[in-house]
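Student: I'm new to this one. Can you show me how to read a few of its features?

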Amino acid sequence: MITLTGKSVFGGVEIGKIAFYKRNSQQIKRWHVDDTEAEVNRFELAKATAVGQLQGLHEKALKDVGEENAMIFEIHQMMLEDLDYLESILHIITNQEVNAEYAVATTADNFAAMFSAMDDAYMQGRAADVKDVSERILNILTGAGNAGFSTDEPAIIAADDLVPSETVQLDKEKVLGFATMYGSSNSHTAILARTMNIPAIIGLGEALKEEYDGAFAIIDGFDGKVYIDPDEETLEAMKKKQADDRAKKALLQELKGKENVTKSGQKINIYANIGNTSDVGSVLQNDAGGIGLFRSEFLYLENDTFPTEEQQFQVYKTVAENMAGKKVIIRTLDIGADKQADYFNLPHEENPALGYRAIRICLTQTDIFKTQLRALLRASAYGQIAIMFPMIISVGEVKRIKEIMEEVKAELRADGISYNENIETGIMIETPAAVMVSHELAKEVDFFSVGTNDLTQYTLAIDRQNPKLDDFYDPHHPAVLAMIKMAADNAHAEGKWIGICGELGADLELTETFLKMGIDELSVSPSMILPVRKKVREAE
Ligand code: PEP
Ligand code: MG
């Protein structure tokens, strides 16, 4: 038996095989070929295989996600027939007498650069597509296979680290837990593990070796341990721990349908954080009062190109309808920093957390913002949707947002499309600047929601993504708590409500502190709703 120790991100015990996440980071080499005709044939064969794969994917997607979402695979097939693209590849092979891999990779880089430089956002988005189809051919030529993991049964996913766009594309049914070599406990992948209610351990280091792929193992998220080839004694002890945990969770079920009220009668709303429509099931199962944070950017991360207004509308409408009249607070696009989608073509930045992200993108690329607002407003006719805006630092930003909202509403009225005219709008309090002007901001909005993950990062000047700083990242720091209190007092002075949707909202050590501050809502991962309810009901 081998025991690996890392840092726990979420508790739970799971037993199964390890599946190592495979990433294609192939180095394409250039070499001379004598027989260019044979090399062209090699390329043609790979292209035909790629077309076959895309046809299969198109058919599967038609069944699983509908025509509109399946279209991307048709577009990719068309790209493979594009004369300019093909000519460039054949030209490089024959004129430079080089291998097909090099010709494909070079053409992909050139075409992607060309698309990125175009003014039109749609054409810019094609850069990611051309890279994607080319990658497919390269995988066939080099025999590298696809990224991801392959397993028939649910497995413990091991990786060096996972970025949000990789995590959201995993087949969740197949994931028992996460075990990574690196990563930070405040990252979005960690947040996702909490939402999925599965054990997750980070920082296992080099001890987590690729050779463990397929090995029988146990992940103990409570103690931050992974046991490879466990002995009988450990296996028995872990099975017992798993059963005890499940029994404890079952006991919490008794709290379903009960109020979130303290012994002295103070009430608080307990809502859920989600990243996807598929999370709504666990929101309802755990009896949340509503959704306090729907991270809409995950919708963008799952896509290869900008989700259309219709696609977004369907998602927001589905969530609102499934929540059957309960409040659903949807946060507008918070892309940037660790949440990157290729097709946004965001430039490399020295300090991405302080960079071009979230509302800053929306206020400068208003076409993207307006598409999302139209979809949100349209969906507001089907349930109790509220909208909130991330990374706010000034009253000026909120005023500009309101102007854009009014423009979108006017367009909808002109088109005769219904929406909720009195839709609630709020902002996230996740920068010290927002806290310091919260008395002004409170006049402009219906509510505040404190994003403690970023508020801690910016207040303490500590990168939430940097695992080396995990021990310094202290969301209990008095400065962070004072910021929350100040925002709460200023919201209440204007008769507005305030919630907490960062991870700190689920911190049971602080539930009483938040109640004393008069926080009106805590929005937590679905698995934490009943534990927080228990804590509230035990409080004086
Ligand atoms: C936060 O910053 O606390 C928050 C809720 O947003 P995210 O974690 O997605 O940045
Ligand atoms: Mg944030």
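Predicted model: local features only at pLDDT ≥ 70, side-chain atom pairs only at ≥ 80, totals over all residues.

Student: Which residues coordinate the magnesium ion?

Tutor: Donors are N, O and S atoms within 2.8 Å of the metal (3.2 Å for Na, K and Ca), and with no water among the atoms, sites may look incomplete. Here Glu430 (OE) and Asp454 (OD) coordinate the magnesium ion (ligand 2) at 2.0 to 2.2 Å. Glutamate 430 is in the loop between strand 13 (424–429) and helix 15 (432–436), aspartate 454 in helix 17 (residues 452–460), so the pair ties together parts 24 residues apart in sequence. Helices (H or I, at least four residues) and strands (E, at least two) are DSSP runs, numbered from the N terminus.

Student: Is glutamate 430 buried or exposed?

Tutor: Buried means under 20% relative accessible area, exposed over 50%, partly exposed in between (1.4 Å probe, protein chains only). Glutamate 430 has 2%, so it counts as buried, and aspartate 454 is buried at 3%.

Student: What about charges over rings?

Tutor: We ask for NZ of Lys or CZ of Arg within 6 Å of the ring centre and within 35 degrees of the ring normal. Arginine 30 lies over the face of tyrosine 102, 4.9 Å from the ring centre.

Student: And how many aromatic pairs does the structure hold?

Tutor: Rings of Phe, Tyr and Trp (its six-membered ring) pair if their centres lie within 6.5 Å; planes under 30 degrees apart are stacked, over 60 edge-to-face, the rest tilted. The structure holds nine, among them phenylalanine 447 with tryptophan 497, stacked at 4.6 Å centre to centre and 10° between the planes.

Terms used: Residues numbered from 1 in each chain as written. Chains lettered and ligands numbered in written order. Heavy atoms only, no water.
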